[in-house]
Amino acid sequence: MRREISVLIDRRGRVISVSVADAKGAELPNVRKGETRLSGFHLLHTHPKGGGLSKADLSALFLSRLDAVAAIEVRPDGLPGNVHLAHLTPPGTVGEEEDWRVYPPATPSEMEQFDLAGQVSALEEEIARAQRTREAKKDRERAILVQIDQGEVDAEERLAELGELARTAGAEVVYRELIFRRHLKPGTLIGAGKLEELTSRAYHEDADLLIFGQELGAAQAREIEEATGLKVLDRTQLILDIFALHAQGVESRLQVELAQLRYMKPRLLGAGTRLSRIGASGGSAAGGAIGTRGPGETKLELDRRRINDRLSFLEHQLKEVAVRREERRKTRSRNDVPVISIVGYTNAGKSTLLNAFTHAAEEPRKVLAENKLFATLRPTSRQGFLEGIGPVVYTDTVGFIRDLPTDLTRAFRATLEEIGDADVLLHVVDVSAPGAEARYAAVQRILKDLDIGELPSVVALNKADQTDPEVLEQERARLGGVAISAHSGEGLSQLRHVLSQTLEDLQVKREDAEESARRERENVKAALSTPSPKPRWAGTD
Ligand SMILES: Nc1nc2c(ncn2[C@@H]2O[C@H](COP(=O)(O)OP(=O)(O)OP(=O)(O)O)[C@@H](O)[C@H]2O)c(=O)[nH]1
Ligand SMILES: [Mg+2]
């Protein structure tokens, strides 16, 4: 026929399928990709034009986890010529560049001497052993990070931030890549070739999680998952997952679950069996696999039928909480103690600063500050004292992040809006990490979205202790504010001074406003009480 013929045979030599096609077009077993066991099938096909195994042959071998792939050259007289054979190499093979081992061409009779079955079972044995030792060692999900660079200036930073998010979620990052793509491919964003590369990477690094820095549509996530066999998450899911891990208290739990369900809903519809697989790939991190954790004890409810019920239940509950909160808010009278809200990007050091300001180092009053993103989810208030002002209240708030998922902003809106009750915002910026200005701008944008961008604010350039003095000077010139270290206490007294000053100015302004309002009222009163000539139409008697 002078066409390529492919035959798929199982380990007992039975023919499973025959196709007139090359390895790429051949009917291949429907294996669960990403699985480390071999599929148990051997693909044998002809190369009528001669020549060794092609790239397509080898990627079929790899992606379908075939026992082996072989190409038989066809001589002009129609008899079999040289046979080219390859099988996979064990994962994590040191020093081996390729995912496969290609044997030198052999004649059919030499081939008969070759113990392929023995080779394959030895290979499988090795794969299983490597798997067992790794499983024993592995206590965190191993992840590969991908950030697509479309020419943004902060692509590197975004990748670094994605790494921090992944770490906070409990993943171990084994590989990260910034992939430049001016134009995104509609289905898989980065294209099939790149995905194949990443699949190979995952095989060798024993990674089971692929995390994208971009938001993925439901169909995209599914397509990438199908192509790689890996569990695929995007940045938003990662953030939601962290929120779920850290949520404490009734309101934050409701908020997080609501945000998760809203985001997951389109992803659950039509996902079919994929989800049972994700749910089942039990991660060992606390509370289940990354991407499936729910707030507190509850696991994210994956039953599609119940999502809508649950959504309306949560919305209702949250509304009730909001009403109660609003009542509390009204009863709190305005000219009580001045309130200073500490805002800023996540991990900037807000909680640490609150602790430093309120001498709350004593355990019971200390708020949680740690090197994790979104350590604080619930606003916390502590009383402090400012020279010249007297007692003040400091409020620690949820950290912000650029491109905050909209479902989260919506769910947390009530909590975030409470920041607006403050008299002064204290914006904490971590100047020790690159991209301080981008983070500062992201926070400003969110404040503006919340309609509280106009509140008087003071900037604190934190972590000055681990910042290059030159960089610190630059940032001070650009952002203004006071350089501090919440850790060492450096600059804190100056910051207090600036805060007092701002509050005093505010008081003066308020008094002025009150004074002029009072005068206005008096003018009106005076105008009303001035005896005016009797109107002519008044009674005549
Ligand atoms: N070197 C140094 N580290 C600091 C300083 N302030 C805070 N940190 C560290 O930064 C990390 C984050 O601090 P947190 O106070 O939890 O930050 P946060 O802004 O409350 O973060 P979230 O609540 O997660 O948004 C912790 O590991 C702190 O120890 C500082 O002045 N210098
Ligand atoms: Mg905090």
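Here is a friendly walk through this protein, from its overall make-up to a few of its residues. Keep in mind that the model is a predicted one.

Let us begin with the whole chain. The protein contains 15 helices and 16 strands. Of its 541 residues, 36% are buried. Taking contacts between residues at least 6 apart in sequence, 67% join residues that are at least 24 apart.

Strand β1 covers residues 6-10 and pairs with strand β3, residues 41-47, in the antiparallel sense over five bridges. If you look for Ser6, you will find that its bridge partner in β3 is His45. Strand β1 also has a link to strand β2, residues 15-19: four bridges join these two, and they run antiparallel. Here Val7 stands opposite Val18 in β2. Strands β1 and β2 form a hairpin with four residues between the strands, and in this hairpin Gly13 takes a positive phi near 85°.

Helix α4 spans residues 155-168 and helix α7 spans residues 235-246; their axes are 9 Å apart and they pack at an angle of about 40°. Because of that angle, α4 is oblique to α7. The crossing in which α4 passes α7 is left-handed. Which residues of α4 and α7 meet? From α4 come Leu162, Leu165, Ala166 and Thr168, and they meet Arg235, Leu238, Ile239 and Ile242 in α7. Sorted by class, the contact of α4 with α7 has six nonpolar residues, one polar residue and one charged residue.

To see one pairing in detail, look at β15, residues 457-462, which pairs with β16 in the parallel sense over two bridges. Across from Ala483 in β16 stands Leu461.

Finally, let us visit two residues in loops. Lys366 sits in the loop between α11 and β12. Why does Lys366 count as partly exposed? The reason is its 14 C-beta neighbours inside 10 Å, since a residue is buried with 20 or more such neighbours and exposed with 12 or fewer. Between Lys366 and Ser485 there are 119 residues of separation in sequence and 18 Å in space, C-alpha to C-alpha.

The other residue is Asp115, found in the loop between α2, residues 108-113, and α3, residues 116-137. Is Asp115 buried or exposed? Asp115 is exposed, because 9 other C-beta atoms lie within 10 Å. Asp115 and Glu215 are 100 residues apart in sequence, and in space they are 49 Å apart, C-alpha to C-alpha.

Conventions. Residues numbered from 1 in each chain as written. Chains lettered and ligands numbered in written order. Predicted model: local features only at pLDDT ≥ 70, side-chain atom pairs only at ≥ 80, totals over all residues. Axes fitted to C-alpha atoms, helices over the stretch in contact; angles between N-to-C directions. Parallel < 35°, antiparallel > 145°, perpendicular 65-115°, else oblique. Left-handed = near helix turned anticlockwise from the far one by under 90°. Contact = placed C-beta atoms within 7 Å. Nonpolar A, V, L, I, M, F, W, Y, C, P; charged D, E, K, R; others polar. Pairing = 2+ DSSP bridges.
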